[in-house]
Amino acid sequence: MEWWDSPCKSDSKIDVKKVQPENSQLSDLDGETRQTVEKMMFDNRQKAMGLPTSEEQKKADILEKFKTQHPEMDFSNAKWSG
């Protein structure tokens, strides 16, 4: 991604290192946005600890449920690609 130096060519350049974002709290966000941010935070913590993300865990749970429902199928030599 490329950032513009200024809003218009004739404007002075913006030093993005001097820009101070406003502090915000999760409680400032609407419900849907807050839920998305919390999920991203959870997934980042999980990755940092070497644990599965929420999506990876969901897939693993579905697979385990399928394996339980189909004991006649042999998964012992199966190779998984994430």
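Let's start with serine 6. Its relative accessibility is 14%, so serine 6 counts as buried (under 20% relative accessible area is buried, over 50% exposed, in between partly exposed, with a 1.4 Å probe and protein chains only).

A word on the source. This is a predicted model, where local features need pLDDT of at least 70, side-chain atom pairs count only at pLDDT 80 or more, and totals for chains, interfaces and linings use all residues. Residues are numbered from 1 along each chain as its sequence is written, and side-chain values use heavy atoms, with hydrogens and water left out.

Back to serine 6. It sits in the segment before α1. Leaving aside residues up to four places away in sequence, serine 6 touches Asp11, Ser12, Lys13 and Ile14 (contact: heavy atoms within 4.5 Å). A polar atom of its side chain lies 2.7 Å from the backbone oxygen of cysteine 8.

Next, the helix. Helix α1 covers residues 31–48 (helices are DSSP runs of H or I, at least four residues, numbered from the N terminus). Its 18 residues should span 26 Å, and the end C-alpha atoms are 26 Å apart, which agrees (expected span: 1.5 Å times one less than the number of residues). At its start, a side-chain oxygen of aspartate 30 comes within 3.2 Å of the backbone nitrogen of glutamate 32. Just after α1, glycine 50 has a positive phi of about 75°.

Last, the rings. Phenylalanine 66 and phenylalanine 75 have ring centres 6.2 Å apart and planes at 80°, so the pair is edge-to-face (centres within 6.5 Å pair; planes under 30 degrees apart are stacked, over 60 edge-to-face, the rest tilted). Phenylalanine 66 is partly exposed, at 34% relative accessibility.

Notes: Phe/Tyr/Trp six-rings, centres within 6.5 Å; stacked < 30°, edge-to-face > 60°. Helix = DSSP H or I, 4+ residues; strand = E, 2+ residues; numbered from the N terminus. Polar contact = N/O pair within 3.5 Å; in protein donor to acceptor, adjacent residues only side chain to side chain.
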